[in-house]
Every structure is written in C-alpha cells, then in structure tokens.
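Hi,

Here is the structure I said I would pass on. Have a look at it first, and then read on for what turned up.

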Amino acid sequence: MKLLSIVIPCYNSQDYMRYCIESLLPGGDRVELIVVNDGSRDQTADIANEYAERYPTIVKAVHQENGGHGAAVNAGIRHASGLYFKVVDSDDWVDIRAYLKIVKALSDLASQHKTVDMLISNFVYEKEGAKYRKIMKYNDVLPEGKVFTWDEVKPFRKGQYILMHSVIYRTQLLRDCGLELPKHTFYVDNLFVYTPLEHVKTMYYLNVDFYRYYIGREDQSVQESIMIKRIDQQLKVNKLMIEQVELERIQNENLRRYMLKHLEIVTVVSVILLIRSGTVENLQKRKELWKYIKEKDVRLYRHLKYGIMGGLISLPGRAGRSISVGAYKISQRLVGFN
C-alpha cells in the first residue's frame, strides 16, 4: 500500500500541469500521483502518459470521458491505493519542503499505528497581481504536533475555513462515507471537504504552508464573472451541502458549530453572487434559495438569514443590496478571497 494518493484532475491542462506534477514527484515511491485526463482535447493525455512511462512506480495515467472536476476526483478515489488521499488541481502546486514534512508526518503516524481521519495544513493564495500573499493558517484554532479530536478545536474566525487545499483525508473514510461528487458541476470542492467531515474523529495539524492555490487565469472557475454565469451550479452545490448533512444529528458541538459556519459562508457567496448579477431572474433565485432552506430546516434558515452575515446580505431593497455588495468588497480586500 502507498502512503499517500494524490489525484490531479486535468482538463485541457497542457500549459500548466507539468509544473504541478513536478512539484509532487519529490514524494518518491511512498506517494502515487493519479493524473486523471478528463476528456481533454489538447495534449493533456500525452503528457499524462509521458509521466506514467517515466515514473511507472509513482504516476498513474487515467483517461475518461469528460465528466467535470467531481468525476475526476471520483476516479481518483476509485484508483487510489494510498492510505491517505489528497486532491491537487492541475493549475496549482505544492511547496516541496512542506510536502516532505507532510509525507514524513504521515509516515511517522503510520509507523506508530496512529492512523488519523484527516491531516490539515496551511495553504497560500497565489493571486495574480496581489500585493501580498494571503496564507490560510490554523495554528490559533488547532493543536500542533499531536493527534486530536473535535473536543480540542477552538472556534474558527470569520474567513477561516477548512478548504480542499487544506485537507488530506484517510482514503477508506471517503469510501466508507459514500462520497460521490456530481458530474459536470463546478464548485464541488465544497462537497469534497464538507460531506465527510461528520465522519472525522481524529485529526493532525501540521503548521506548514503546503498548498499553493493559484488565482489569476481569466477562464478560472472562481473568477466572479464566471461564477455568476455558473450560478446554478453554485446553488446546486449549496443545496447538496444542506441535503447531505443533517447538522442537528451531529453530537459534537465544536464540529456542528464549524460545519454551520462553513455552510454559512457558502450560502453568503451564493446570495451575494445573485445580488451582484443584478438581473431580475437571479434576484428571484435568491428568494427561491431562502424559501428552499426554510422549507428544509426552519432553524437553519433562521441562523443563516438572521445571523450576523445573513442579516447583512438580507437587507431589503436596492439600498440594502448596495450595502451587502459594499460589505462583500471590503471582505474581499481584508480576507483575500476571490
């Protein structure tokens, strides 16, 4: 068994996938890289095959019809032979020194028979044109250098969340919880992180700036204008998060509180994008989203709509929408998210 499986979803990634793969090769034979060519129409398939031939003990090339990011991650989970599982997008990369520390930490845990459900590390926003690099750290909320549970986790700050870039899951946990991401859907990384969380019992935090999350390509799915065009997919993911996890059944208060905050920020993003679009159709979709949540769970609806963040984005009328957008822009500058 490999120690760590890393899936690299690739769709028309010929221009940047080499840099991503090269940053991951130093993990050596303890790591397997599963390069999933998701129906690409450029040279992605050839590059994947090239690396599989050059590094047959490290790299697997998987080719499939186009199914989107979720389908590529699903394929990675199916093909993974590693004890742990990580997703690294093909336009991102990792810091090699931090990477080697993570591999060593996982190896040490395995040798001590201390398998954990999730390892968490920091990530860096590599934002094109930004004057400074925003680093998502967790050292003020998570214990360092020890296996811990949710009972030892402190409250997360606003703007501080566990994202796909932060997590390495135990592979069997993902299989046991039945994680299956929807095909042809953007923004499923929220589901990848959120859905398995209720099954996580033990964790380990390594305070290293591991994952480099690149934001800058004009066609990138997280660009605001593109997110507005794909708002129906954002809403789909938002609703699936509500449907797949019943927060009230989660016994641990710290875990339930964190998951509620995570769901809150995804819902805020959905509502703000609907407001930002400025169309009558999308303003109607905002009303429909709140109606959907209310019918699904009244208590959740009250928290999301009338909490601090929900109240700010639910101000009535054109003036209220302007205030909501203004607060959103300030948050972009302060927090550094796209």
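**Helix 2 and what it packs against**

Let's start with helix 2 (residues 44-54), where the buried residues are Thr 44, Ala 45, Ile 47, Ala 48, Tyr 51 and Ala 52. These residues sit on the same side of helix 2, because the arc they cover around the axis is only 165°. As for what they pack against, that would be strand 1 (2-10), helix 1 (17-24), strand 2 (31-38) and strand 3 (59-64).

One thing to keep in mind throughout: this is a predicted model.

**The overall picture**

Stepping back, the protein has 13 helices and ten strands. It has 338 residues, and 54% of them count as buried. If you take the contacts with a separation of 6 or more, 78% come from residues 24 or more positions apart.

In soluble globular proteins, nonpolar side chains tend to be buried together. Here, the largest nonpolar core has 111 residues, and the ones touching the most other members are Tyr 138, Tyr 169 and Phe 192. Helix 9 (residues 253-277) gives this core its largest share, ten residues.

Not counting residues up to four places away in sequence, it touches Tyr 84, Phe 85, Asp 117, Met 118, Leu 174, Phe 192, Val 193, Pro 196, Leu 197 and Val 200. So which of the residues touching the most other core members does Tyr 169 itself touch? Phe 192 is one of them.

You'll find it in the loop between strand 8 (147-148) and strand 9 (167-170). Is Lys 154 buried or exposed? It counts as exposed, because its relative accessibility is 51% and the cut-off for exposed is over 50%. Leaving aside neighbours within four places in sequence, Lys 154 is in contact with Asp 140 and Val 141. Leu 142 is twelve residues from Lys 154 in sequence, with 6.7 Å between them in space, C-alpha to C-alpha.

**The second largest pocket and helix 11**

The second largest pocket has about 250 Å³ of space. Helix 8 (231-244), helix 9 and helix 11 (298-306) are the elements that each give two or more residues to its lining. There are 13 lining residues, and those nearest the centre of the pocket are Glu 246, Leu 247, Glu 248, Asp 297 and Leu 300. The lining divides into five nonpolar residues, one polar and seven charged.

Which element gives the largest share of this lining? That is helix 11, with three residues. In helix 11, the buried residues are Leu 300, Tyr 301, Leu 304 and Lys 305. They cover an arc of only 115° around the axis, so they lie on the same side of helix 11. Arg 299, Arg 302 and Tyr 306 are exposed on the other side of helix 11.

Cheers

Key: Residues are numbered from 1 along each chain as its sequence is written. This is a predicted model: local features need pLDDT of at least 70, side-chain atom pairs count only at pLDDT 80 or more; totals for chains, interfaces and linings use all residues. Side-chain values use heavy atoms; hydrogens and water are left out. Buried means under 20% relative accessible area, exposed over 50%, partly exposed in between (1.4 Å probe, protein chains only). Helices (H or I, at least four residues) and strands (E, at least two) are DSSP runs, numbered from the N terminus. The arc is that of the directions from the helix axis to the C-beta atoms. Contact means heavy atoms within 4.5 Å. A nonpolar core is a set of buried Ala, Val, Leu, Ile, Met, Phe, Trp, Tyr and Cys residues joined through side-chain atoms within 4.5 Å. On a 1 Å grid over the protein atoms alone, a cavity is a set of points where a 1.4 Å probe fits but cannot get out, and a pocket is an open set with protein on both sides within 12 Å along at least five of seven lines; lining residues have an atom within 4 Å of a point. Grid points are joined across faces, edges and corners, and a volume is the space filled by probe spheres set on the points. Ala, Val, Leu, Ile, Met, Phe, Trp, Tyr, Cys and Pro count as nonpolar, Asp, Glu, Lys and Arg as charged, and the others, Gly among them, as polar.
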